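Here are my notes on this model. Please read them with the structure open.

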Amino acid sequence: MQKKISKLPFKGTAEQEAELKAFIAENKDDKSKLMAVMQQAQEIYGYLPMEVQQMIADGMDVPLEKVYGVATFYAQFSLSPKGKYNVSVCLGTACYVKGAGELMDKLSEVLGIGADECTEDGKFSLTACRCIGACGLAPVLTVNDDVYGRLVVDDIPGIIAKYQD
């Protein structure tokens, strides 16, 4: 599954940039630290927008293509921001067979976003994941650390309403 690049404008702060540049400066002479720098950047920003990837490439003196390649290869990296509430639908075999695809479609409709996207207000993001180990509750979704199981499409609006503060 190809990662989506965020369509939302980048909203980094001067403090975030200073923190990242300081970390890059500590590690720039060791190209093997690229992944550590990327992990720290994601910790600072919550994701790796193209602007941050460019900062890393420039600071580490590596091609932007290399940074992007690492970001898209490893599942730990996200190219889209996460919302205050990250809704994740399990698409593992047990969940998928029991209707997780329909849950994903309904969530996309209710939230107005697709997989790996974030609502414009930053409140919700939607992701798909593989097995979360709750096959007996299939189909399952999580909202941050809250787990919902044995779901049907009609459950979705009520679940999302709980997080509309």
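**Notes on the fold and its cores**

1. Contacts first. In this predicted model, residues 24 or more positions apart account for 65% of the contacts with a separation of 6 or more.

2. Secondary structure. The protein has 7 helices and 5 strands. The order from the N terminus is α-α-α-α-β-α-α-β-β-β-β-α.

3. Dimensions and burial. The C-alpha trace spans about 55 × 30 × 20 Å along its principal axes. The protein has 165 residues, and 44% of them count as buried.

4. Main core. The largest nonpolar core holds 27 residues. Those with the most contacts inside it are Val87, Val89, Leu107, Leu141 and Val143. Two or more residues each come from strand S1 (85-90), helix H6 (100-111), strand S3 (124-129), strand S4 (141-143) and helix H7 (156-161). Helix H6 gives the most, with 5 residues.

5. Val143 in detail. Which residues does Val143 touch, leaving aside its neighbours within four places in sequence? The partners are Tyr85, Asn86, Val87, Tyr148, Ile159 and Tyr163. Val87 is also among the residues with the most contacts inside the largest core.

6. Another core. Apart from the 27-residue core lies another, of 20 residues. Ile24, Val62, Val70 and Leu79 are among them.

How values were computed. Residues numbered from 1 in each chain as written. Predicted model: local features only at pLDDT ≥ 70, side-chain atom pairs only at ≥ 80, totals over all residues. Heavy atoms only, no water. Helix = DSSP H or I, 4+ residues; strand = E, 2+ residues; numbered from the N terminus. Buried < 20%, exposed > 50% of the residue type's maximum accessible area, 1.4 Å probe, protein only. Contact = heavy atoms within 4.5 Å. Core = buried A, V, L, I, M, F, W, Y, C linked by side-chain atoms within 4.5 Å.
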